[in-house]
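Please look over the structure below before reading on. The paragraphs that follow lead through it step by step.

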Amino acid sequence: EMYGPRFVFAVTAIFPLLTVLAAFSVREAPLAAKESSSGLVQKLKTQTGALFTAVKQPTILLPTAFIFMWQATPSASSAMFYFTTNQLGFDAAFLGQVGFLTSLASLGGVALFNAKLKQ
């Protein structure tokens, strides 16, 4: 409410714009010679195999599967937001502050677990 939509849009547009500008500063060496199509296919097969080998490692596969399952579960967040604002009368700013405190408590729980409870 303190800042207008133009200011918020400008702030959120800065970081992608900086990424685009940084991409123009990257210098790549051109390829020496064109590869034959059979060499390119073989390189593609080798890189695809290396990718699947890396993804099959438990240190990559298990966290990826966890995050996928966590994000794929249905959520009632939109309906709950409607209920808490329109039916219960809470302000959207208050709900944002509660969400922020929930995130801080989650980070605190992770820190506590890593410091004291992880054996």
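A surface patch is made of residues with over 30% relative accessible area and no salt bridge, where like charges are joined within 9 Å and nonpolar side chains (Val, Leu, Ile, Met, Phe, Trp, Tyr) within 5 Å. A salt bridge, in turn, is a side-chain nitrogen of Lys or Arg within 4 Å of a carboxyl oxygen of Asp or Glu. Accessible areas come from the Shrake-Rupley method with a 1.4 Å probe, and for residues only the protein chains shown count as cover. The model is predicted: local features need pLDDT of at least 70 and side-chain atom pairs count only at pLDDT 80 or more, while totals for chains, interfaces and linings use all residues. Residues are numbered from 1 along each chain as its sequence is written, and side-chain values use heavy atoms, with hydrogens and water left out.

One such patch is nonpolar and consists of I14, F15, L17, L18, V20, L21 and F24, which together have about 740 Å² of accessible area. I14 belongs to helix 1, residues 5-24; helices here are DSSP runs (H or I, at least four residues), numbered from the N terminus. I14 counts as partly exposed because its relative accessibility is 42%, given that buried means under 20%, exposed over 50% and partly exposed in between.

The whole structure holds three aromatic pairs, that is, rings of Phe, Tyr and Trp (its six-membered ring) with centres within 6.5 Å; planes under 30 degrees apart count as stacked, over 60 as edge-to-face and the rest as tilted. Y3 and F7 form a stacked pair, 4.5 Å centre to centre with 25 degrees between the planes. Y3 is exposed, at 52% relative accessible area, whereas F7 is partly exposed at 42%. F90 and F94 are also stacked, with 5.4 Å between centres and 25 degrees between planes. F90 has a relative accessible area of 38% and is partly exposed; F94, at 39%, is partly exposed as well.

Helix 3 comes next. None of the 15 residues of helix 3 is buried, so this helix is hardly covered.

How does helix 4 (residues 77-87) compare at T85: is T85 buried or exposed? T85 is buried, because its relative accessibility is 17%. T84, also in helix 4, is buried at 11%. The side chain of T85 reaches the backbone oxygen of F81 at 2.8 Å, a polar contact (N or O atoms within 3.5 Å; within protein, one must be able to donate a hydrogen and the other to accept it, and residues adjacent in sequence count only if both atoms are side-chain atoms). A polar side-chain atom of T84 lies 3.1 Å from the backbone oxygen of F81.

Conventions:
Helix = DSSP H or I, 4+ residues; strand = E, 2+ residues; numbered from the N terminus. Buried < 20%, exposed > 50% of the residue type's maximum accessible area, 1.4 Å probe, protein only.
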